Each structure stands twice: as structure tokens, then as C-alpha cells.
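Here is a short briefing for a first look at this structure. Please view the sequence and the model before reading on.

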Amino acid sequence: MQKYKRILLKMSGEALSGEKGFGFDEGMLEKVAKEVKSIVDQKVEVAIVVGGGNFFRGRSGKDMERAQADYIGMLATVMNSLALQSYLEGVGIDTRVQTAIDMRQIAEPYIRRRAIRHLEKGRVVIFSAGTGSPYFSTDTAAALRAAEIGADALLLAKNVDGVYDKDPNEFADAKKYQHISYMDVLSQNLKVMDLSAITLCMDNNIPLRVFSLKSENMLDIINGSEVGTIVN
């Protein structure tokens with residue numbers, strides 16, 4: 001049974017770099033494109049927010065003014081969005097990129113009603129350049145756009161297969177949660193998303209599904225499988 005009608009997929013820039021750790025991994029871009037197509041073929045409306053950490057993270061600019069570094073990070077998300085658009089169109093998906101920073105030669109400006117209309121027509125919409133303002137992460141941008149378009153859920157693709165009580169890469173006894181509340185995430189200071197993003201999801205009652213892009217299938221989530229961790 002199909003669980004969601006409209007979703008927002010948030011993935012890190014690092015996810016697109018695969019095992020390379022920097023830039024694009026063509027195999028991963030192809031994998032993401034095929035998985036998104038499998039969802040679109042089920043008549044699910046898909047919006048995407050992708051980070052820019054495979055090129056630059058705002059906090060990487062240690063000797064830069066914070067706002068300047070964040071703007072560079074936003075431009076990195078635009079590069080990722082254009083690359084992802086190419087691979088999505090390569091598998092036959094009609095796609096639009098919208099940017100929070102105006103750059104009309106390569107993408108549409110972000111307009112909420114236009115984005116919703118694209119989704120209703122079966123197009124995948126990729127939101128890039130974060131919120132358009134420094135000091136806000138792409139996690140916050142994803143939560144904001146999910147609320148604005150009325151998404152049924154926010155799917156958060158990470159390098160781990162869910163939410164743990166501590167880092168599973170460092171602690172063998174880390175416990176994975178199948179289900180956890182937003183309040184527990186906040187009280188336990190679990191590093192799922194940043195505080196602004198978690199609060200936005202909680203205030204707007206948007207369920208969050210945390211899963212691994214490498215090992216798990218988005219279509220299974222859409223069809224109701226208990227994959228990853230549910231936060232609501």
C-alpha cells in the first residue's frame with residue numbers, strides 16, 4: 001500500500017560523491033535517478049533538496065566571514081542540483097531546478113505556487129541554494145520547503161541506516177531506533193538534523209524518515225516498509 005503522495009527527499013552532497021569523497025560519482029547519480037524514477041512511476045510527487053558538502057561546506061571556510069562561506073556552499077548545492085537534473089532527465093523524468101538565489105540563465109527562481117504546480121504535473125522539483133540566506137543549513141531548507149509544499153514526509157538520506165543513540169561508526173553497541181519522537185531527538189541531542197530543521201518539522205507535523213541511500217530502497221519506504229527510523 002502506497003504510504004505517501006508527495007515527499008521531499010533530502011540528501012547530502014557527500015552522498016553524491018559515493019566512495020570518492022569529493023565531486024560526483026556517476027554510479028551514485030545513476031542509482032539516485034533510477035530510484036527516484038521508480039517512485040515517480042508510482043505517481044508520487046517528488047521534490048529534492050541536495051547539500052553541497054562534496055564541494056564545499058560553509059563551516060569549511062575557517063578564515064572567511066561566515067556569510068561569505070555560506071554563500072559559497074549555496075552555489076555548491078546548485079552544481080549538485082544541475083548534475084542531478086541531468087541524470088534524472090537521462091532516465092526520462094521531467095525535472096525543474098529552482099534556486100533561492102536568482103540565476104535565471106540556468107534555473108527558475110523559487111516560487112512556491114509554481115513549484116507545487118510542477119509537482120502536480122508529475123515533474124520532479126529540485127530546490128537549490130538552501131534558503132537563500134546565510135546561517136541556515138540545507139537541512140533547514142529541506143524542512144522549510146517540505147512545509148511550504150505540504151509534503152507528506154521528509155525522507156532524509158544519510159550515510160547510516162537510521163537514528164542511533166550514539167555514532168554507530170565509533171561504538172559497536174550503538175542502539176538503533178525504529179521510531180522516536182522529535183522531542184526525544186531534541187532532549188537526547190541526537191544529531192539527526194540541525195535544531196532549526198527539527199523544530200520546523202515538529203511544528204508543522206512533518207514525519208521524518210531517516211535511511212541509508214547506499215543500502216536501502218526509497219520505493220520500499222513509499223510502499224510502507226519499516227525501513228530506517230521514523231521520527232514524528
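The points below cover salt bridges and annotated positions.

This is a predicted model, in which local features need pLDDT of at least 70, side-chain atom pairs count only at pLDDT 80 or more, and totals for chains, interfaces and linings use all residues. Residues are numbered from 1 along each chain as its sequence is written, and side-chain values use heavy atoms, with hydrogens and water left out.

The structure holds 13 salt bridges. A salt bridge here is a side-chain nitrogen of Lys or Arg within 4 Å of a carboxyl oxygen of Asp or Glu.

**A link between distant parts of the chain**

- K10 pairs with D139 in a salt bridge, and their closest N and O atoms are 3.3 Å apart.
- This pair joins distant parts of the chain, with K10 in strand β1 (residues 6–11) and D139 in helix α5 (residues 138–149), 129 residues apart.
- Helices (H or I, at least four residues) and strands (E, at least two) are DSSP runs, numbered from the N terminus.
- K10 is buried at 5% relative accessible area, and D139 is buried at 16%.
- Buried means under 20% relative accessible area, exposed over 50%, and partly exposed in between (1.4 Å probe, protein chains only).
- Leaving aside neighbours within four places in sequence, K10 is in contact (heavy atoms within 4.5 Å) with residues including V49, T138, D139, A142 and L155.

**Salt bridges within helices**

- R66 forms a salt bridge with D70, with the closest N and O atoms 2.8 Å apart.
- R66 and D70 are separated by about one helical turn because they sit four residues apart in helix α3 (residues 66–90).
- R66 is partly exposed at 42% relative accessibility, whereas D70 is buried at 10%.
- E120 forms a salt bridge with R117, with the closest N and O atoms 3.4 Å apart.
- Both E120 and R117 lie in helix α4 (residues 112–120), three residues apart, about one turn of the helix.
- E120 is partly exposed at 46% relative accessibility, and R117 is partly exposed at 46%.

**A salt-bridge network**

- Salt bridges link D94, R96, E108 and R123 in a network.

**Annotated positions**

- An unreviewed UniProt entry places the feature "binding site" at K10, M11, S12, G13, G53, R57, N159, Y164 and D167.
- These positions spread over 158 residues of sequence and, in space, up to 24.0 Å between C-alpha atoms.
- UniProt positions follow the numbering used here, feature names are shortened, and annotations may be inferred rather than shown by experiment.
- R57 lies in the loop between β2 (45–50) and α3.
- R57 is partly exposed at 29% relative accessibility.
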